[in-house]
Amino acid sequence: MTKTDQEISLSPAAGMSTRRRWTAVAVLSASLLMLTMDMTILNIALPEMAAELHPTSDQQLWIVDVYSLVLAGLLVSFAAIGDRWGRKRMLLLGYTIFGAASLMVVFTTSAEAVIAIRALLGLGGAMIMPTTLSLIRVIFTDPAERAKALSVWAAVSGLGAAVGPLVGGVLLEHFSWHAAFLINVPLIAIAIVAGLAILPESRVRVAGRWDALAAVLSLVGMTALVWGIKQFGKEATLALPEAWAAVTLAAVALTWFAVRSIRSKHPLLELRLFRNRTFSAGMVAALGTTFSMVAALLLLAQWLQLVRGVSPIQAGLLLTPEALAAAVAAIAAPPLSRVFGARAVLATGLALAGAGMLLLGLGPGGDLDLPRVIVVLVLVGAGTGSLAIGSAMIMLGSPEDKAGNAGALEETSYELGAVLGVAVLGSISALIYRAQYATDPALQAIDPTLAAQAEESLGAAVSISDQLALPELATAASAAFTHSMQVASIAGGVMMLAVAALVFLMTPKGTSVTGAAH
């Protein structure tokens, strides 16, 4: 390989045995397991948390997506710092911050405090997530072996989504919602010990000077963009000068960031990677999929507990088909791609997920039963698992010395897609819920202050219904929430089908993520 001034100064693959390489994958995948568990445990814990803390609908959205917002805003900067300082060091520091933030929940008594803790978790996650992908990229230089490693990485994500609801359900059966955060502490301790013992250090020898202005522009731009979209969704009108100001600021900041990165010899983020169609197609798949599916699954977790009335652990069990299907699809995707081609496997998986979301949304809400929900979850899981191919395409389309950039861009797509999905589809659902529920006679007959709280979220409505011994309040709220969830699912399903078509058209014919022709 030709040496450049940005070559990796430590070559992990060169001195690592096969056993140690795959042990390293296990450690890196365990990092992802912890993060996905944390995300899905929150979905199970959210209704109980809302009942105790009574967050507004806006606060509830921030509890969910402030983690992703902070993470997405800082991924680029921390990936660049890791390239210079050492990726293993960055990973271990991220573990430490993540564990400390999880421990702070012991002192939490308000929605604002939960939002702050979730922001700190995002800070730690921003150090962890791009590092796992960049290390896999530099450890595995063979495309076929790398595709297998990334399929394991993606499968563990699916298993984390399965284990999270189950663990969360068991914890919430015996403890308060605080346990959903505290479970991270022992996992972090294990991750630090394993990381110190197994993982190699990796860094870029000469990555160029640190571009502080570019780092600020990326953070400001994405934060302003998401805030503006949230405001438009919450108010259901475009006549919002503050939101337009935020979107304008985002456009200016992100355009400035892009121009600065393209012109720089050593950019903070290598945007020229998007010239590679294979890389770009993988990025579109990552962004479009998380945009649609994260919000839909969050709403479905609340529907199971608050509408169907199942316990947290039952909700966890009912959500496992999606995660298990994702794990199976991730493992099966590389061998299937050798037969049918990478673009066919990825696009088909995304189309199946879109079909599943349409199945959830179409038809009367009264006909939404559990067997139909299980089928939906399996179809959505197939789409999630197919992203193993998208990840392999992203890494295939990036050179080794750009592994940090590729990891940061991929994780930014996942997290920004998730945050925008929750903001847009979550806000659509909240708006429809409030519009339908506000006209209900039972709601109009109670104290206006309580009525306003009930309109903010389904969790608050159910809690107030129990307090006043008025079951008709909860019945009407459940009907309104089910309808709102279905509308959001239709919007997400249409988005998924469009992404599937776009990814198929963008991916060059004959693309192989395993190095084999087909």
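Predicted model: local features only at pLDDT ≥ 70, side-chain atom pairs only at ≥ 80, totals over all residues.

How many salt bridges does a search of the whole structure find? The search finds three. Side chains of opposite charge can pair when their charged atoms come close.

Another of these bridges joins the side chains of Asp 211 and Arg 260, at 2.7 Å from N to O. This pair links distant parts of the chain, 49 residues apart: Asp 211 is in the loop between α7 (184-198) and α8, while Arg 260 is in helix α9. Asp 211 counts as buried, with 10% relative accessibility, whereas Arg 260 is partly exposed, with a relative accessible area of 26%.

A salt bridge is also formed by Glu 270 and Arg 272, whose closest N and O atoms are 2.9 Å apart. Is Glu 270 buried or exposed? Glu 270 counts as buried, since its relative accessibility is 7%. Arg 272 is partly exposed, and its relative accessible area is 25%.

## A positive phi angle at His 54

Most residues other than glycine have a negative phi. His 54 has a positive value, with phi near 50°. This residue lies in the loop between α1 and α2, the latter covering residues 57-85. At 33% relative accessibility, His 54 counts as partly exposed.

In soluble globular proteins, nonpolar side chains tend to be buried together. The largest nonpolar core of this model contains 147 residues, and the members that touch the most others are Met 49, Trp 177, Phe 181, Leu 350 and Tyr 437. Helix α10 provides the largest share of this core, with 16 residues.

Leu 350 illustrates how separate parts of the sequence meet. When its neighbours within four places in sequence are set aside, the contacts of Leu 350 include Ala 285, Thr 289, Gly 383 and Leu 387. Also among them are Met 496, Val 499, Ala 500 and Val 503.

## Thr 278 in helix α10

Thr 278 is found in helix α10 and counts as buried, at 10% relative accessibility. Which residues does Thr 278 contact, leaving aside its neighbours within four places in sequence? They are Met 393, Leu 396, Pro 508 and Thr 511.

## The largest pocket

The largest pocket holds about 350 Å³ of space. It is lined by 17 residues, and those closest to its centre are Met 222, Phe 274, Leu 409, Thr 412 and Leu 416. Two or more lining residues come from each of α8 (212-235), α9 (241-263), α10 (277-306) and α14 (403-437).

Which classes of residue make up this lining? There are 13 nonpolar and four polar residues, and no charged ones.

## The second largest cavity

The structure holds eight cavities of 30 Å³ or more. The second largest cavity has a volume of about 260 Å³. Its lining consists of 21 residues, of which Gln 60, Leu 299, Gln 302, Gly 426 and Ala 430 lie nearest the centre.

The elements that give two or more residues to this lining are α2, α10, α14, α16 (448-456) and α18 (471-506). Helix α14 contributes the largest share, six residues. By class, the lining of the second largest cavity has 11 nonpolar, seven polar and three charged residues, whereas the lining of the largest pocket has no charged residues.

How values were computed. Residues numbered from 1 in each chain as written. Heavy atoms only, no water. 1 Å grid on protein atoms, 1.4 Å probe; cavity = no way out; pocket = protein on both sides within 12 Å on 5 of 7 lines; lining within 4 Å. Points joined across faces, edges and corners; volume = space filled by probe spheres on them. Helix = DSSP H or I, 4+ residues; strand = E, 2+ residues; numbered from the N terminus. Nonpolar A, V, L, I, M, F, W, Y, C, P; charged D, E, K, R; others polar. Salt bridge = Lys/Arg side-chain N within 4 Å of Asp/Glu carboxyl O. Buried < 20%, exposed > 50% of the residue type's maximum accessible area, 1.4 Å probe, protein only. Core = buried A, V, L, I, M, F, W, Y, C linked by side-chain atoms within 4.5 Å. Contact = heavy atoms within 4.5 Å.
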